[in-house]
Amino acid sequence: MKLILPAICLLVLASCKSNNQQDTDTAPQPQPDVDTDTDTDTDTDTDTDTDTDTDTDTDSGDPPDPGPNQVVRFIAMGDGGEGNDDQYQVSVAIEQVCAQIGCDFVLYMGDNFYNGGVDGVDDDQFQTKFEMPYQNLSLPFYVVLGNHDYGETSAEFWKTDAQVEYTQHSTKWNMPDKYYDFAKEHAHFYGLDTNALMWGITGEQESWLNSGISNSSATWKIAYGHHPFISNGRHGNAGEYEGISYIPVVSGEDVRDFMEDHVCGKVDLYLSGHDHNRQWLEPTCGTEFIVSGAAAKLTDLEGRGTATFWEDDKEEGFIWIELADNQLTGVFYDKNGTENFRKVLTK
């Protein structure tokens, strides 16, 4: 009996130990977090939606305006050959305007040296009445002759040769001949020698202009010279300059005939000086006429019976012109850089 009890106890202890070890080995182990993958996928889908919204906004915008294909901008003025304070002030105003809205060149329309032209390419007047007043302008000047450039009598023809030759001595002065043409983009320009016309010297210039206009395919054809065709200033209308008729050299009958036969209706615009004021005259023969002769001094408007869109004889100044494709914009400015008048034409 004593031997049986210890044996039973040993069997019971062995059974308890075996049960405890089985519980430890079969205990559940930690499992991976299944939710982590699900959260990551959701974030990725949200980013994709944001990109889609951005593309939709870009596609719905309007394309930018490309602007005109061809643009030419220039200044036109005459009667500047004084070397006085007003000429310097006009030059500063041009510099300011061109810095703001752009300029390609200047049409310089005669009476470049008061009162009697120059005596040679070394004449100091090239410096005192041109280079120095316009030293702040880095623009080419396309220059034509006025009556004072032919001397005080307007008949000293030899004096004009120096102005042609000076083209070779200046970085901005351009007068390749006494009359000439040049093209810029979609515009063709014809510089006339109107003082030669005053003396009845017309034949060669007529043939040259007719040929040049007929052979040009430019959108805009623009002529410029010193003497006006029509004007309400002191000199007045061609054929009746100074209020005098029937004295050809004085009255400008040959200028009138030249304009009527070779300019009217054949060019879009004729620009001139001679009268020291600013005028945009109503067209009378299929061509626009502008007087811009106030680059350095003024004379009164006297009224010659010609209708104008605008005229002024109170301030020196100039006109700025833009040719943008088939649209012409002309703006008169005074010597302070103030806009005075604006007109737009469309072909």
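Author: Let us begin with a term: a residue is called buried when its relative accessible area is under 20%, exposed when that area is over 50%, and partly exposed in between. Please keep in mind throughout that this is a predicted model.

Reader: With that term in hand, how many of the residues of the protein chain count as buried?

Author: Of the 347 residues in the protein chain, 48% count as buried. The chain has nine helices and 14 strands, and it exposes about 17,300 Å², of which carbon and sulfur atoms supply 48%.

Reader: Which residues are buried in helix 7, and where around the axis do they lie?

Author: Helix 7 runs over residues 203-214, and its twelve residues reach 17 Å from the first C-alpha to the last, close to the 16 Å expected at 1.5 Å a residue. Its buried residues are Gln205, Trp208, Leu209, Gly212 and Ile213. These residues lie on the same side of helix 7, because they cover an arc of only 120° around the axis. Glu204 and Ser214, on the other side of the helix, are exposed.

Reader: Which residues have the most contacts inside the largest nonpolar core?

Author: That core has 60 residues, and the ones with the most contacts inside it are Phe74, Met77, Leu107, Phe189, Tyr224, Leu271 and Leu323. To take one of them, Leu271 is in contact, once its neighbours within four places in sequence are left aside, with residues that include Phe74, Leu107, Tyr224, Ile290 and Ile321. There is also a second, separate core of 22 residues, which includes Ile213, Val255, Met259 and Tyr270.

Reader: How should I read contacts between residues that stand apart in sequence, and what share of them join residues at least 24 apart?

Author: Among contacts between residues at least 6 apart in sequence, 68% join residues at least 24 apart. Leaving aside neighbours within four places in sequence, Tyr142 is in contact with residues among them Phe105, Leu107, Asn174, Phe182 and Tyr224.

Reader: Is Tyr142 buried or exposed?

Author: Tyr142 counts as buried, because its relative accessibility is 12%.

Reader: How do I read the backbone angles, and which peptide bond is cis?

Author: The general idea is that most residues other than glycine have a negative phi, and that most peptide bonds are trans. Here the peptide bond from Tyr114 to Asn115 is cis, with omega near 0°, and Asn115 sits in the loop between strand 2 (105-109) and helix 4 (125-131).

Reader: What is the phi of Ser154, and what is that of Glu242?

Author: Ser154 has a phi near 65°, a positive value in a residue other than glycine, and it is found in the loop between strand 3 and helix 5 (160-165). Since its relative accessibility is 15%, Ser154 counts as buried. Glu242 has a phi near 60°, which is again a positive value in a residue other than glycine, and Glu242 is found in the loop between strand 7 and helix 8 (248-251). With a relative accessibility of 36%, Glu242 counts as partly exposed.

Terms used: Residues are numbered from 1 along each chain as its sequence is written. This is a predicted model: local features need pLDDT of at least 70, side-chain atom pairs count only at pLDDT 80 or more; totals for chains, interfaces and linings use all residues. Side-chain values use heavy atoms; hydrogens and water are left out. A nonpolar core is a set of buried Ala, Val, Leu, Ile, Met, Phe, Trp, Tyr and Cys residues joined through side-chain atoms within 4.5 Å. Buried means under 20% relative accessible area, exposed over 50%, partly exposed in between (1.4 Å probe, protein chains only). Contact means heavy atoms within 4.5 Å. Helices (H or I, at least four residues) and strands (E, at least two) are DSSP runs, numbered from the N terminus. The expected span of a helix is 1.5 Å times one less than its number of residues. The arc is that of the directions from the helix axis to the C-beta atoms. Accessible areas come from the Shrake-Rupley method with a 1.4 Å probe; for residues, only the protein chains shown count as cover.
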